[in-house]
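Here is a short tour of a model, written to be read with the sequence and the structure side by side. Please take a look at both before going on.

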Amino acid sequence: MKASFNINNSVSELELNPNETLLNALRNNGFTEVKCGCNEGECGACLVLLKDKPVNSCQVLAMSVQNKKIKTVKGIGTLHNPNLIQKIFASTGADQCGFCSPGMVVAAYSLLKENSSPSNEEIVEALDGNLCRCTGYVKIIEAVKRSAIILQENKVEAE
Amino acid sequence: MFKYIKKPIEKIDGLALVTGNEKYTDDFSFDNMLHVSVLHSGFAYAKIENIDESAALKMPGVVEVLSYKNIKQILYTTAGQGYPEPSPYDTVLFGNVMRFVGDNVCAVAAETKEIADAALKKIKVSYKRLKPLLDFEKSENSKILVHKDDGAFPKIPVYYDASQNLAAKVEANVGNFEEAFLSSENKIEHTFFTQYASHCAIEPHAAVSYIDTRGRLVIISTTQVPFHVRRIVSHIAEIPISKIRVIKPRIGGGFGGKQEVLLEPIVALITWKTKRPAKLVYSRKEVFKSSRTRHGYRTIFKVGFQKDGKINAIHLDALENSGAYGSHALTVLSNAGSKTLPLLNKIENLKFTGKGVYTNLPCGGAYRGYGATEAYFGYGQIVDMVCEATNNDIIEYYKKWSIKSGETSPIFKALGEGKEGVAMTVTSTSLNECLEVGAKESGWYEKEKLYGANSTFNKGKRFKRGIGMAALMQGSAIPEIDMASAYIKMNDDGSFNLNIGATDLGTGSDTILAQIASEVLDTPVENFIVTSSDTDFTPFDTGAYASSTTYLSGQAVLKCATKIKEQILQVGAEILGVNIDEVEIYDSNVVIKSSNENQNKGEVSYEDICRYSFYQNNQFQIQAGVSHVSPKSPPPFAAHFVEIEVDTFTGIIKVLKYVATVDCGTPINTTLAEGQAEGAIVNGISYALFENYYFSQHGKLLNDTFGKYGMYTAADIPPIKIFLIDSYEETGPFGAKSISEININGALPAIANAFFNATGKRLFKAPFSPEYVLKILAG
């Protein structure tokens, strides 16, 4: 069946099964920036924003969120127009294989929108649902901290 | 000094990664594509008497079923190693004997993944269950034989005896261990155990295949070893190598787990048979149980030493649980000795004995650290014990007894990978400085005194603190075996194509290799268009394993770029009308040496040089292809220091601070080098404290999800400080050695030594779970 969704501020017609997860519906319709690491809600690679709140899209039925605003990592910033957080992730070395990065960036973006000067505890709490095996999280946490500082200096929101 | 080397240059794919723009294997889909699902054995040991796939084949949308009934029973090894592989040929893609819970029964290809999954449930398999062999310590003399009359054989002339369940056996002797041990004043003997583990690359294994416009098979795969994939698929599917192209796109981490050829032959056979694209992506559960793991190990150390601490004799006996198939069994085993025993190279009598035994449990394979992690657990504690018993300061002890520049160890020659090793002299080390800096930065001397089992700080307290350390070494590539090659051509705007067989797993090797070419050609990294890991378009490289890419592939790039430089100088000199020895390169130009008085006439840009070579005179393509084989495997070194707190009520060990000092020669990219160390350390701590495979009494893996497995998250990590302490390795590109594996080896011995410092007790079995810790504290 076909159904329309609000993804990254535009309306997209998705071809999907009524019982499909949001993750599969997105990936099967070209939104491959949303990654699948476990399909069990445990790794955070498929994290998207649903009405500005981070959710593991593998745990959401697509048809249940048809009228809600969905934002993937590409809705935060693209290769040609990256968000500051993405630029800082790349320049800090917070990306190694990059497979967890879309989910990590969504988690970091969501945190910084809510809380512009998070403590270390608040950062690790926000990233706790996102697994990464490459970095040991050190440079990811550093990237979030740097992003917060620069956002504050520039007095801009994480938009 | 360096212009592009030893800099924190951003990964060339960085922005594409963090914006979700890069493509991984599962992101490729094709029209008319089949989806593949694999049925895995639920029994640890069983013979399939029949498979009835008729009901599945009748389902609408089911296209193909592959099983032992319709595929040729071709023996191979899943280990993606050089040819002939040092791992035994003991595996068939789909056989009729299931040797572990997770073994391949059959595969279904269908129009959708849902149909393929549903079809698996319709396949009726009649099993004759056999009693499984689950205790690896009892494997060697067991009546249960894991590979009985199946024709399994070693591809190279090494010891192999399936009638004793021996997948591998290694022995090396230097001096006379027995005599020296007997005559030693002090003797200790201890047994250590390390456990199974999953690599936990966040991207699961995947492969997609299709037939191109001229009838060739193209495989896109999450592989660390594209060229080995091409060769092994050709062997199993009986398709000529010339008809196969393997592409590695971005891959989501490997850590050794993707040095195995598991999924590619399945999609290859389906595509070759149906002429339709096919995709297979493992679920996380399949990755845990059916892909490859870290081997379980038992190591027994026997050490004889003098009152002053001098070790006269050491015997390391390693027993490796190879699991159902012997992938990497021999070489991981050899590395347990070859990456540890040379560290204290002044020990005159050494003995290494090792056996890799079959069991009906998941298969071991390559895993970051590769035997060294397993052996350093005991080795690092044994050294601590000797120092403790002889009142030696362990820092001074390592400084005195460890291998120095200009020195060798007989182990380098005695222990190779499937054959005799290569004798070598260490020519670069900063281990002593690593020890000093690490001691200072960790507060070693103050804390080691402050803590201690009987200190006022700890005595009678619920929470006890301790500090521990370990010194480490690894290697850089497999000497005289691994080969890498690079190809560079120049474009008419002064940019270059850098084509390399080397495989970037997320380590950043595409960037590092571009930096090396940049440095040689004195032109920015952005001027390199890097293409890697495509068997049609990039030259051969053994692949990303054995800590080889920076050191080995990097040297191939350096040699290749040097040839390009010669050609650029030649054309530049021709344009400038001078001799080649009168010019040099500077900042993307060829300039006349000391041309201060006439600067404008004395230079020509790379752009103009390439245009000239394309269109003007004596036209040719500036290009070069170069290969490199290393004569040695220079070890990186490291010293790890860890401070812990033990809750003696709950048995929970908390890591308070981790300091690692690392000698990787010249770190080509400082950010990426630190990242390698940080990632390995966190994996090491997570392994030391938590990660394990828990099996049912019938050999079924019980904790086969991330949630149950419990790898570290951001909320678990302690403060970690990395110090890169350069040495200069003459045989490596701009002095570089490796860094990817070594730092996973420190957590086990350093935490165990810290635990001793805190409690006076020793840990012999990993992981250091609260239950185990409480048992040790009570005993």
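In chain B, 4 strands make up an open sheet with mixed pairing, and their order is β19-β18-β17-β23. At its edges lie β19 (528–532) and β23 (623–629) of chain B, each of which pairs on one side only. From one strand to the next, the twist averages 15°. Keep in mind as you explore that this is a predicted model.

Let us step to one side of that sheet. Strand β18 (residues 496–500) of chain B runs parallel to β19(B), and 5 bridges join the two. Within this pairing, I500(B) has S532(B) of β19(B) opposite it. A helix packs on the sheet as well: α14 (residues 509–521) of chain B touches β17 (483–490), β18 and β19 of chain B. The direction of α14(B) makes about 135° with that of β19(B).

Another helix of chain B is worth a visit. How many residues of α8 (residues 329–338) of chain B are buried? The count is 10 of its 10 residues, and the helix is mostly covered. Among the buried residues of α8(B) are L330(B), V332(B) and L333(B), along with N335(B) and G337(B). The table lists elements of chain B that are included in the cover over these buried residues.

| Covering element (chain B) | Residues |
|---|---|
| β7(B) | 166–174 |
| β14(B) | 311–323 |
| β15(B) | 349–358 |
| α9(B) | 372–390 |
| α11(B) | 410–414 |

Further along chain B, L763(B) sits in the loop between α19 (747–759) and α20 (770–778). Is L763(B) buried or exposed? L763(B) counts as buried because it has 24 C-beta neighbours inside 10 Å, where 20 or more are needed. Leaving out residues up to four places away in sequence, L763(B) touches A752(B), F755(B), F768(B) and I776(B). By contrast, K121(B) lies 642 residues from L763(B) along the chain, and their C-alpha atoms are separated by 45 Å.

Finally, turn to where the two chains meet. Chain A brings 46 residues to the contact and chain B brings 47 residues. On the side of chain A that touches chain B, at least two residues each come from α2 (73–76), α3 (84–92), α4 (101–114), α5 (120–127) and α6 (138–153) of chain A. That side of chain A is made up of 23 nonpolar, 14 polar and 9 charged residues.

Technical notes:
Residues are numbered from 1 along each chain as its sequence is written. Chains are lettered from A and ligands numbered from 1 in the order in which they are written. This is a predicted model: local features need pLDDT of at least 70, side-chain atom pairs count only at pLDDT 80 or more; totals for chains, interfaces and linings use all residues. Two residues are in contact if their C-beta atoms, placed from the backbone, lie within 7 Å. Ala, Val, Leu, Ile, Met, Phe, Trp, Tyr, Cys and Pro count as nonpolar, Asp, Glu, Lys and Arg as charged, and the others, Gly among them, as polar. Two strands pair if DSSP finds at least two bridges between them. Axes are lines fitted to C-alpha atoms, for helices over the stretch in contact, and angles run from 0 to 180 degrees between N-to-C directions. A residue is buried if 20 or more other C-beta atoms lie within 10 Å of its own, exposed if 12 or fewer, and partly exposed in between; C-beta atoms are placed from the backbone.
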